[in-house]
Amino acid sequence: MVQRILFFSVILLSCTGLYAQEVSVHIIPKPLSIVQDKGFFQLGPTTKIISSPEAVPVASLFTDMLKRGAGMKLSIQRKAKASKNTIHLIVSKDFPDTVKGAYTLQITPEKVTAIARTREGIFYAVQSLRQLLPPAVEKENGTKLPGIKLPALYIKDAPRFGWRGYMQDVSRTFYGMEVMKKYLDVMALYKLNTLHFHLTDDQGWRIEIKKHPALTSEKATVFPAKHGQPSERSGYYTQAQLKELIAYAAERNITIVPEIDVPGHCWPIIINYPELGVNKKRDPDYVIPFMDSWSYWGFQFTPNPLDPTKEAVYTFLDDVFSEVAALFPSKYIHFGGDEVVHRLWENEPHVQAFMKARNMKRVEELQSYFVQRVSEIIVKKGKQPIGWNDILADVEHLPNSTAIMAWLGEGAVKKAAQHGFYAVATPTGPMYFDIQQHSRHDGTMADLNYSGPNRLEDVYAYDPHKGLNNHEQQYVLGVQANMWPAVPQEVKDINVQNFPRLLALAETAWSMPSQKDFSNFKERLYFHYPRLDALKVDYFKEGGYIVGNWRPAQISTTFKTLEWDVTANVYANGRVQVGFFFTEGSSFLKVKHVRLLKDGVVVSTDPHEALADKFRGIPFKKNMFFYSLKTDSYDPSAKYTLTAEVAGDKSNDSNGNVTFNLSPYKPFEVTEAVKRKN
């Protein structure tokens, strides 16, 4: 049967020039080849799905979506009882393409046929099919549809890279199960297959370790109330929850790779097991938000890393990685290894003695010693270790079993490959999505400590093989984008930072360079905004959260009240963050008494006085030029006004933008009703 279908596909391809018609197909990531034909397949309530046993879970996800979003209840059968108006999902060892995830998808007026060697390939075929459906089917309670027309076509497709990843840090800001499941859903839609789960860092330990319950004590997982963090930003996952999330991901062909970040970035370990630290630093005896690190430590890194000279450290890590390895089926376990403040080791006499006894000349050799010990632990658990490319500093002593996550520039990929280390390309530019994406003045909650934006076109243009010879290219596992929610903490904010850049990443990871065209991508991307709308996922719009500005004509050196209409930006109950961003002039701006009014009545106020100046880097304080408001009784018929008392610091020569960002208390229920600028 498979051979007959493939033969027919060849005939179809040879005849397509005669029957091609103008039907737009906007699939992301772009398939290897698409050939359109004449006619449509009518998908409706009477359509039957004929599935190979291995593909039944994929068929079930597809029918569940159609039931929720289109009111269609399609039946799944193991054997064909009808030849017309059927969707065939066929897993066959006879499928010729051996690339993992390869598939063909053929749509004719009579039937739809997806063929692949594995369930993975069938899953990707169905995601392409899903993107041919109207966006309304993505809604949780969509309108009942009598039928959907699918254009006749033939797709042959296969991914370029095996690691198509997205990293979510849940230590700096914790996100609950429903948020992570939503991200897995969207990742699956765009054929991303690896969730790098950054579970531990200085800001919190987010995974239950049964042998060491203190790691999930309140002081290691909950931000104290005095830091003003909403309660949902604290917490941890039980092992039962993680098993549920792992299974949920596996259904969507996504592997979750856990990260336990050591020997730096490990404050939750230090405050619970101080004997494992290298020095006596213990203040504060609880986790703190990232933005408050400087006020306690003077910099962003833990002031007390693990002590690599103590056997107790490796015994403890063996306990931790034993439970992590047993819980996660992924091939890799990430152990961090980044941003260790080496002087904190060098300053300790017992560490110096340890190095001297082992003839270590440089502290990087000590880090390699630690990496060797941890890698051995992970390998003994039947897993492969992977760490940030900081560990390449002493590459000669690095065990070859350790893979590299290359973030410190494109050169890190080259260095890893040159020395025979497998690597995931995830350079800060352009793959850190917490960095601004349009300009320093794009009005979003972004990490402005970087010199320039990671633009959509930069993400799309990135090639992990750039500068590598053929031999080195074989060591590139794939590509990944990272989200560090230190500044963009709200779910809405990480969505705006991630989308649509995550779609550009998906195509960069999947499609061959010869297939890529940014102008064509943007044309297809336009048709995906309604799909993101239906999924209730916010995304970046030109102008960001800017709702107004101030200019010299409005300013004097004495305080006066300015106001801006923000009716279009208030659309739900939630937290509001207002920002004042100085852009140019000889005078900064003093700001105080920021208020939100509803039909002229004040509903929320933040009275503190601040200065809008040119400094925006970390550590900028959110209680400086940012103001916190809220709306708890949203009325869609009301007029909302933002007011602030402002004055020029030295003169009236001051210009800047005012941002207004409302984040609904419950994510993924409603998105911001702002007209998109094309």
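Author: Before we start, "buried" here means under 20% relative accessible area, "exposed" over 50%, and "partly exposed" in between (1.4 Å probe, protein chains only). This is a predicted model, where local features need pLDDT of at least 70, side-chain atom pairs count only at pLDDT 80 or more, and totals for chains, interfaces and linings use all residues. Residues are numbered from 1 along each chain as its sequence is written, and side-chain values use heavy atoms, with hydrogens and water left out.

Reader: How many salt bridges are there in the whole structure?

Author: A salt bridge is a side-chain nitrogen of Lys or Arg within 4 Å of a carboxyl oxygen of Asp or Glu. Searching the whole structure for such pairs turns up 26.

Reader: Is Asp 632 buried or exposed, or partly exposed?

Author: Asp 632 pairs with Lys 630 in a salt bridge, with the closest N and O atoms 3.5 Å apart. Lys 630 has a relative accessible area of 42%, so Lys 630 is partly exposed. For Asp 632 the relative accessible area is 44%, which makes that residue partly exposed.

Reader: Which residues join Arg 233 in one network of salt bridges?

Author: Salt bridges that share partners link Arg 233 into one network with Glu 232, Glu 490 and Arg 575.

Reader: What is the N to O distance between Glu 490 and Arg 233?

Author: Glu 490 counts as buried at 12% relative accessibility, and Arg 233 counts as buried at 10%. Their side chains meet in a salt bridge, N to O, at 3.0 Å.
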